[in-house]
Amino acid sequence: MQLNKIASAIIMSLMWTGVAWGADNYVIDPVHSTVGFAVRHLVISNVKGKFKEFSGTIAYDPQDITKSSVTVTIKAASIDTGDNERDKHLRSADFLAADQYPEIKFVSKRIQKKGSGYICVGDLTIRGVTKEVAIPFKITGTIKDPWGNTRLGAEGSLSINRQHYGVSWNRNLDAGGVVVGDTVNIELIVEAIKKK
């Protein structure tokens, strides 16, 4: 009787922590993945950039993708827009405050089927502020690489308002508009390796 209670407690605990039953565990391969973004600059153009350092895990259930989950951690100081001075400014307290908030995190809460793709709903934390976001994505496939690893591909995108995360620096332009747009368009290209 006591063993049954213990077993039940363990099962309930695993369910509450979001373990995906029957899922395969993958580790994101940062060398073949991209966390990119684009932001409107001076009203007339977009500046693109990426984060060079990030890690993450995916619990992928190929039989029912809605039972999958993902966790990602991004090093805020690894932001790269191709200009050292601009990147220093983006790391500063005016933007990401990377010294005080070194990590940007995403933790999924649920995955929903939508049309031919899916939506991953989860908590995105930037500068210590956590907001729920929805990421439309598609699975681009699984494949065996020449070294015997199973790899999983996925692509997704979303838009966030940087003001919602306290990233509020800006300057008004004489002709109208502002130096930096509030909308950040994020593009995710993921390749992950199945744990052996």
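Modeller: Let us begin with Ile58. Apart from neighbours within four places in sequence, Ile58 touches Asp24, Asn25, Tyr26, Ile28, Ser69, Val70, Leu152, Val190 and Ala192. Please keep in mind that this is a predicted model.

Colleague: What is the largest nonpolar core, and which residues have the most contacts inside it?

Modeller: That core holds 39 residues, and those with the most contacts inside it are Phe51, Ile58, Ile104, Leu124, Ile126, Val133 and Ile160. The element that gives the most to this core is β11, with 5 residues. As a general point, nonpolar side chains in soluble globular proteins tend to be buried together.

Colleague: How confident is the prediction, on average?

Modeller: The average pLDDT of the protein chain is 86, and 81% of the residues score at least 70.

Colleague: Where does pLDDT stay under 50?

Modeller: That happens over residues 5-20, for which the model has 7 contacts beyond four places in sequence.

Colleague: How many helices and strands are there?

Modeller: The protein chain has 2 helices and 11 strands. Read from the N terminus, the order of elements is α-β-β-β-β-β-β-α-β-β-β-β-β.

Colleague: Which way do β10 and β11 run, parallel or antiparallel?

Modeller: Strand β10 (residues 150-161) and β11 run antiparallel and are joined by 11 bridges. Within that pairing, Asn161 has Thr183 of β11 as its bridge partner.

Colleague: And how does β1 pair with β11?

Modeller: Strand β1 (residues 24-28) pairs with β11 (residues 180-194) in the antiparallel sense, over 3 bridges. Here Tyr26 stands opposite Lys194 in β11. Tyr26 has already come up, as one of the residues in contact with Ile58.

Colleague: Changing topic to charges: how many salt bridges does a search of the whole structure find?

Modeller: The search finds 11. One of them joins Arg151 to Asp29, with the closest N and O atoms 2.9 Å apart. Arg151 lies in strand β10 and Asp29 in the loop between β1 and β2 (34-41), so this pair ties together parts that are 122 residues apart in sequence.

Colleague: Are those two buried or exposed?

Modeller: Arg151 is buried, and Asp29 is buried as well.

Colleague: What else does Arg151 meet in a salt bridge?

Modeller: The side chain of Arg151 also meets that of Asp145, at 2.9 Å from N to O. Arg151 counts as buried because its relative accessible area is 13%, under the 20% limit. Asp145 is buried too, with a relative accessible area of 10%. A network of salt bridges links Asp29, Asp145, Arg151 and Glu191.

Colleague: What about Glu103 and Lys75?

Modeller: Their side chains meet in a salt bridge with an N to O distance of 3.1 Å. This pair also links distant parts of the chain, with Glu103 in strand β7 and Lys75 in strand β5, 28 residues apart. Glu103 is partly exposed, with a relative accessible area of 30%. Lys75 is partly exposed as well, at 36%.

Colleague: Where are they found?

Modeller: Ala97 is in the loop between α2 (84-91) and β7 (103-114), and Arg127 is in the loop between β8 (117-126) and β9 (129-144). Ala97 is buried, with a relative accessible area of 6%.

Colleague: What does Ser78 touch, leaving aside its neighbours within four places in sequence?

Modeller: Ser78 is in contact with Lys50, Phe51, Lys52 and Glu53. Ser78 lies in the loop between β5 (69-75) and β6 (79-80). With 7% relative accessibility, Ser78 counts as buried.

Terms used:
Residues numbered from 1 in each chain as written. Predicted model: local features only at pLDDT ≥ 70, side-chain atom pairs only at ≥ 80, totals over all residues. Heavy atoms only, no water. Helix = DSSP H or I, 4+ residues; strand = E, 2+ residues; numbered from the N terminus. Buried < 20%, exposed > 50% of the residue type's maximum accessible area, 1.4 Å probe, protein only. Pairing = 2+ DSSP bridges. Contact = heavy atoms within 4.5 Å. Core = buried A, V, L, I, M, F, W, Y, C linked by side-chain atoms within 4.5 Å. pLDDT = per-residue confidence, 0-100. Salt bridge = Lys/Arg side-chain N within 4 Å of Asp/Glu carboxyl O.
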